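Q: I have a model open and want to learn how to read it. Can we go feature by feature?
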Amino acid sequence: MGTYEAIAAVSQAILGILTQEYKKANLAKAAFTLFGTQDFTFQRNNLTAGVSLFLYHVSPNVNTRNNMPATGTPHHPNLSMDLHYMVTAWAIKPVRQQGLLGWTAQTLDKYPIISADELNRYVADSTTRFSAEQSVQIIPETSSWDVIASLWSRLDAPYQLSYTILARNVIMD
């Protein structure tokens, strides 16, 4: 099972998959990086061509949390979290920015499920290991313009082309 570090491990796995697939595609140089709130200005991030992954919200997965076993015996299920990310393309030219975001969306669509093997491949710390039956579902979120605009407003940064994804059912024990 994933430990408290499972959230960071999912972030690392998403970035690792994108980096690996981009290298295989042999495209122009681009970076894939995890962003914190402080990274959202061109002056601070030095990312002239690339994609950032920003975890903006974490919520309990209530569907798995409220499942009762068939026997009806009360139990305390493992903590299952949903991770909400904003994926942002960065480039000086709009055409490059749009291409990067399109490529990223297409690549993540090829990985609707990140298996335990994939998750474990990108974990920096060997104490976090996902068991074979664990996986994380990656799906695009349908975020309204209001949600996206609110995120950018709170980050106090000029808007950049973005979309949101959900990493569903990140289990921690």
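Q: This is a predicted model. Where does Gln160 lie?

A: Look at the elements on either side. Gln160 sits in the loop that links helix 6 and strand 6.

Q: Is Gln160 buried or exposed?

A: Read the relative accessibility. Buried means under 20%. Gln160 counts as buried because its value is 9%.

Q: Which side chain does Gln160 join by a polar contact?

A: The partner is Gln97. The two side chains make a polar contact of 2.9 Å.

Q: Where is Gln98 placed, and how does its accessibility class come about?

A: Gln98 belongs to helix 4, residues 94-109. Its relative accessibility is 49%, so Gln98 counts as partly exposed. The cut-off for exposed is over 50%.

Q: How far apart are Gln98 and Leu161, in sequence and in space?

A: Check both distances. In sequence, 63 residues separate Gln98 and Leu161. In space, their C-alpha atoms are 7.4 Å apart.

Q: Now the helix. How do I read the sides of one?

A: Start with the geometry. An α-helix has 3.6 residues a turn, so residues three or four places apart point the same way. Now take helix 6, residues 145-155. Its buried residues include Ile148, Leu151, Trp152 and Leu155. These four lie on the same side of helix 6 because they cover an arc of only 90 degrees around the axis.

Q: Which residues are exposed on the other side of helix 6?

A: Asp146, Ser153 and Arg154 are exposed there.

Q: Which residue just after helix 6 takes a positive phi?

A: That is Asp156. Its phi is about 55 degrees.

Q: How do I read strand pairing? In what sense do strand 3 and strand 6 pair, and over how many bridges?

A: Look at direction, then bridges. Strand 3 and strand 6 are antiparallel, with 9 bridges. As an example, Met81 has Val170 of strand 6 as its bridge partner.

Q: How many bridges join strand 5 to strand 6?

A: There are 4 bridges between strand 5 (residues 135-140) and strand 6, and the two run antiparallel. Ile139 has Leu166 in strand 6 as its bridge partner.

Q: And side chains along a strand?

A: In a regular strand the side chains alternate between the two faces of the sheet.

Terms used: Residues are numbered from 1 along each chain as its sequence is written. This is a predicted model: local features need pLDDT of at least 70, side-chain atom pairs count only at pLDDT 80 or more; totals for chains, interfaces and linings use all residues. Side-chain values use heavy atoms; hydrogens and water are left out. Buried means under 20% relative accessible area, exposed over 50%, partly exposed in between (1.4 Å probe, protein chains only). The arc is that of the directions from the helix axis to the C-beta atoms. A polar contact is a pair of N or O atoms within 3.5 Å; within protein, one must be able to donate a hydrogen and the other to accept it, and residues adjacent in sequence count only if both atoms are side-chain atoms. Two strands pair if DSSP finds at least two bridges between them.
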